[in-house]
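Student: Hi! I'm about to look at something new to me, and I'd like to talk it through with you. Can we open it up?
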There are 2 protein chains.
Amino acid sequence: MGLEINAVYLSYVVHVLAVAGAVMVLVWNIHFRGGLAWESSNKNLIFNVHPVLMLIGLVIMGGEAAIVSYKALPFKKAEKKLIHLILHAIALILGIIGIYMAFKNHNESGLANLYSLHSWIGIGVIVLYGVQWIYGFLVFFYPGGTGDLRKESLPWHVLFGMFVYILAVANSALGFLEKLTFLESSGIDKYGSEAFLVNFTAIIAVLYGTFVLLTALSRAPAEDHHSYSAI
Amino acid sequence: MGLEINAVYLSYVVHVLAVAGAVMVLVWNIHFRGGLAWESSNKNLIFNVHPVLMLIGLVIMGGEAAIVSYKALPFKKAEKKLIHLILHAIALILGIIGIYMAFKNHNESGLANLYSLHSWIGIGVIVLYGVQWIYGFLVFFYPGGTGDLRKESLPWHVLFGMFVYILAVANSALGFLEKLTFLESSGIDKYGSEAFLVNFTAIIAVLYGTFVLLTALSRAPAEDHHSYSAI
């Protein structure tokens with residue numbers, strides 16, 4: 001596609017939204033929900049780690065991984081690729097730990113697992129994210145596929161990456177809605193400051209995802225036109 | 001982008017998923033939720049019209065409008081355009097009626113309006129869908145913009161259409177999750193047949209949206225390569 005916008009300017013918007021989203025999810029879970037804990041007799045504190053790691057890890061770090069490396073840094077191709085795969089590995093690992101914390105909370109509190117749409121799509125997203133990472137590693141990094149395989153794989157790698165990323169962002173919105181619906185049915189004000197904070201955090205996440213995809217579709221100023229292009 | 005897949009084959013998958021999604025949302029609301037009504041002392045029947053019209057109208061009809069006309073029918077360009085704008089108008093009108101039914105149910109039952117993420121994004125989607133339709137009508141149909149304006153507007157029309165469509169599909173998933181969470185907190189079985197039906201309807205909607213976008217990104221067999229391309 002290649003939109004005629006300078007990807008670097010878009011990437012500044014991405015970074016601002018990244019900081020806003022990260023601050024908001026931390027304020028929500030630390031100030032409103034009582035804080036974060038790996039082990040605690042207050043099982044809610046264990047759950048609180050889940051939205052923090054999923055948003056800051058999978059969504060924000062994953063978005064930066066997808067675009068920063070290729071669209072906004074002046075490095076060489078091999079260096080960009082290394083940054084891309086390392087950032088995505090960190091995003092994936094934080095996502096896996098975040099999902100583990102949701103199960104840990106459920107199991108220690110006697111809550112049911114894997115009945116909600118959010119949990120189903122979440123398992124799908126983390127599996128597809130992992131598959132995408134492994135395929136990318138094998139074909140584009142080590143041992144690396146033939147030139148033809150790389151060339152044919154690249155548009156699908158980009159498209160599938162966008163698909164998984166849209167699902168991840170949408171699933172974070174599902175998670176915010178689900179948790180807030182639980183909180184509202186146990187009494188917090190539907191029009192109160194916490195409810196607004198959670199809804200706006202979800203909207204920032206959606207805007208963040210939108211600008212990540214726009215950046216990915218835009219023209220990197222120093223894009224290498226001699227090799228196969230990323231989109 | 002232009003994926004090297006024949007859009008017609010993909011559009012068959014779209015139609016099958018359309019029928020599956022429509023049947024599932026009807027079975028849910030008629031068989032499990034007691035039926036549909038414009039006026040009733042049982043206010044739940046008024047609400048039930050909302051998911052039916054949003055899924056069959058905005059999501060399914062909107063998806064068919066987006067792709068069938070341009071990617072899967074052997075008509076001339078002017079006829080395709082007319083089908084495209086009429087189907088989208090129907091989708092938009094069904095969507096507006098669907099939203100009205102949610103407000104009608106809330107107002108007649110004394111429930112709060114516009115506090116949830118689903119409602120916020122829903123208002124955003126219907127406004128953006130309307131803006132997109134009006135802009136498309138004025139620039140591409142009547143009175144019609146200059147050749148340059150059309151040429152410059154088209155990629156943005158496609159991109160913005162995809163953006164609004166992704167939001168619409170994601171918001172239907174939010175709606176299914178929200179309603180099912182209410183039902184589960186008032187007692188229906190988290191692993192029961194209704195819960196599975198609702199979750200799978202949402203997943204069919206997501207798959208439907210995915211195949212709509214894939215079809216839009218694919219090559220129409222009789223695509224007119226002499227005029228500006230749709231993507």
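Student: What percentage of the residues in chain A are buried?
Tutor: Buried residues come to 52% of the 231 residues in chain A. Do keep in mind that this is a predicted model.

Student: What box do the C-alpha atoms of chain A fill?
Tutor: Taken along the principal axes, the box is roughly 60 × 35 × 25 Å.

Student: What share of the contacts in chain A is between residues 24 or more positions apart?
Tutor: Counting contacts with a separation of 6 or more, 74% are between residues 24 or more positions apart.

Student: New topic, charges. How many positive and negative side chains does chain A have?
Tutor: There are 13 positive and 13 negative side chains in chain A, and the centres of the two sets are 5 Å apart.

Student: Now the two chains. What rotation superposes chain A on chain B?
Tutor: A rotation of 180° does, with 0.0 Å of shift along its axis and an RMSD of 0.0 Å. That is the relation of a two-fold axis. Both copies use the same surface, as 100% of the contact residues of chain A recur in chain B.

Student: Which residues of chain B does A:Thr181 touch?
Tutor: A:Thr181 touches B:Thr181 and B:Phe182. A:Thr181 sits in helix H5 of chain A, which covers residues 147-185.

Student: Is A:Thr181 buried or exposed?
Tutor: Buried, because its relative accessible area is 7% and the cut-off for buried is under 20%.

Student: Let's move to A:Tyr135. Where does it lie?
Tutor: A:Tyr135 belongs to helix H4 of chain A, residues 117-141. With 37% relative accessibility, A:Tyr135 counts as partly exposed.

Student: Which residues is A:Tyr135 in contact with?
Tutor: Setting aside neighbours within four places in sequence, A:Tyr135 contacts A:Phe140, A:Leu149 and A:Ser153. As for A:Ser172, its C-alpha is 24 Å from that of A:Tyr135, and the two are 37 residues apart in sequence.

Student: What kind of peptide bond runs from A:Tyr142 to A:Pro143?
Tutor: That bond is cis, with omega near 0°. A:Pro143 is in the loop between H4 and H5 of chain A. Chain B also has a cis peptide bond, joining B:Tyr142 and B:Pro143.

Student: Why point those out?
Tutor: Because most peptide bonds are trans, and most residues other than glycine have a negative phi.

Student: What about phi, then, at A:Leu114?
Tutor: A:Leu114 is not a glycine, yet its phi is positive, about 55°. A:Leu114 is found in the loop between helix H3 (77-109) and H4 of chain A, and is partly exposed at a relative accessible area of 40%.

Student: And what is phi at B:Leu114?
Tutor: Phi is positive there too, about 55°. B:Leu114 lies in the loop between helix H3 (77-109) and H4 of chain B, and is partly exposed with a relative accessible area of 39%.

Note on methods: Residues are numbered from 1 along each chain as its sequence is written. Chains are lettered from A and ligands numbered from 1 in the order in which they are written. This is a predicted model: local features need pLDDT of at least 70, side-chain atom pairs count only at pLDDT 80 or more; totals for chains, interfaces and linings use all residues. Side-chain values use heavy atoms; hydrogens and water are left out. Buried means under 20% relative accessible area, exposed over 50%, partly exposed in between (1.4 Å probe, protein chains only). Contact means heavy atoms within 4.5 Å. Lys and Arg count as positive and Asp and Glu as negative; His and the chain ends are not counted. The place of a charge is taken as NZ of Lys, CZ of Arg, CG of Asp or CD of Glu. Helices (H or I, at least four residues) and strands (E, at least two) are DSSP runs, numbered from the N terminus. Copies are superposed by least squares on the C-alpha atoms of residues with pLDDT of at least 70 in both.
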